[in-house]
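Q: Let us read some side chains together. Please show me the sequence and the model.

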Amino acid sequence: MPHPSPSSALPAAVLWDMDGTLVDTEPYWIRAEHELVAAHGGSWSHEQALQLVGNPLTVSAKILQDAGVDLPVPEIVERLLGTVRAQVAESVPWRPGARELLGELGDAGVPCALVTMSYSVLADAVVAHAPGAFATLVTGDQVTRGKPDPEPYLVAAERLDVEIADCVAIEDSPAGISSALAAGARTLGVEAVLPVPPRDGLSRAGSLEHVDLDALRRIAAGEVLDPVA
């Protein structure tokens, strides 16, 4: 049988960010930050919260210390994770189109990895609601350098035994997009709580509801899809 042409080949793997991309948990994180800062007598604005989107949790914790949270970084991280995990246990807020696209990829035999700066305790709770969807999870407590460093995406490709250049990463935050692009993955930015400005080599979509296997094929082949330009 003839081999498929590059333009018709599916990605070797799809590497998913979690918060804001797979699930709409960014409001959970923002609420947890507000509650923690308020409990320590500090002030915290929505604009400040948006600056933490996509950051490693230890980086966010240090910023919260500057806002008045008088706790060690590990305890801040633990409290934030506990609050968000409790909310996820009540309801997993899937992003529109995410579960459908996961199902299509599974049916097509394309492996998926979750690449998140959240820690395993939260990622495991989310993935439990999509059994079998992810071949591996790369979490913030498993890497030395978090996003925007390329390490998390390079680790995911290594675990899946695929070339990062043959993968498509799906992201929503500036830090995550920078991480995926720096790693060498074909990258799709999907807007959530922050705008996704155009960047060289970055495909964009307003929603995962508008992304299907054909779009991922084209991105994997090197096309830059940008209907929101």
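A: Start with accessibility: buried means under 20% relative accessible area, exposed over 50%, and partly exposed in between (1.4 Å probe, protein chains only). Asp 24 has a relative accessible area of 25%, so Asp 24 is partly exposed. This is a predicted model: local features need pLDDT of at least 70, side-chain atom pairs count only at pLDDT 80 or more, and totals for chains, interfaces and linings use all residues. Residues are numbered from 1 along each chain as its sequence is written, and side-chain values use heavy atoms, with hydrogens and water left out.

Q: Which side chain meets Asp 24 in a salt bridge?
A: A salt bridge is a side-chain nitrogen of Lys or Arg within 4 Å of a carboxyl oxygen of Asp or Glu. Asp 24 pairs with Arg 95, at 3.9 Å from N to O. The pair links distant parts of the chain, 71 residues apart. Asp 24 sits in the loop between β1 (13-16) and α1 (26-39), Arg 95 in the loop between α4 (73-90) and α5 (98-108). Helices (H or I, at least four residues) and strands (E, at least two) are DSSP runs, numbered from the N terminus. Arg 95 is buried because its relative accessible area is 18%.

Q: How many salt bridges are there by this rule?
A: The count comes to 8. One of them joins Asp 226 and Arg 204, with the closest N and O atoms 3.0 Å apart. Asp 226 lies in the segment after α9 (213-220), Arg 204 in strand β6, 22 residues apart. Arg 204 has 9% relative accessibility, so Arg 204 counts as buried. Asp 226, at 24%, is partly exposed.

Q: Is Lys 147 buried or exposed?
A: Lys 147 counts as buried because its relative accessibility is 2%. Lys 147 is in the loop between β3 (136-138) and α7 (151-160).

Q: What does the side chain of Lys 147 reach at 2.8 Å?
A: The side chain reaches the backbone oxygen of Val 115. A polar contact is a pair of N or O atoms within 3.5 Å; within protein, one must be able to donate a hydrogen and the other to accept it, and residues adjacent in sequence count only if both atoms are side-chain atoms. Such a contact, of 2.7 Å, joins the side chains of Lys 147 and Glu 171.

Q: Which residues is Pro 197 in contact with, leaving aside neighbours within four places in sequence?
A: Contact means heavy atoms within 4.5 Å. Pro 197 is in contact with Leu 202 and Arg 204, those neighbours left aside. At 49% relative accessible area, Pro 197 is partly exposed.
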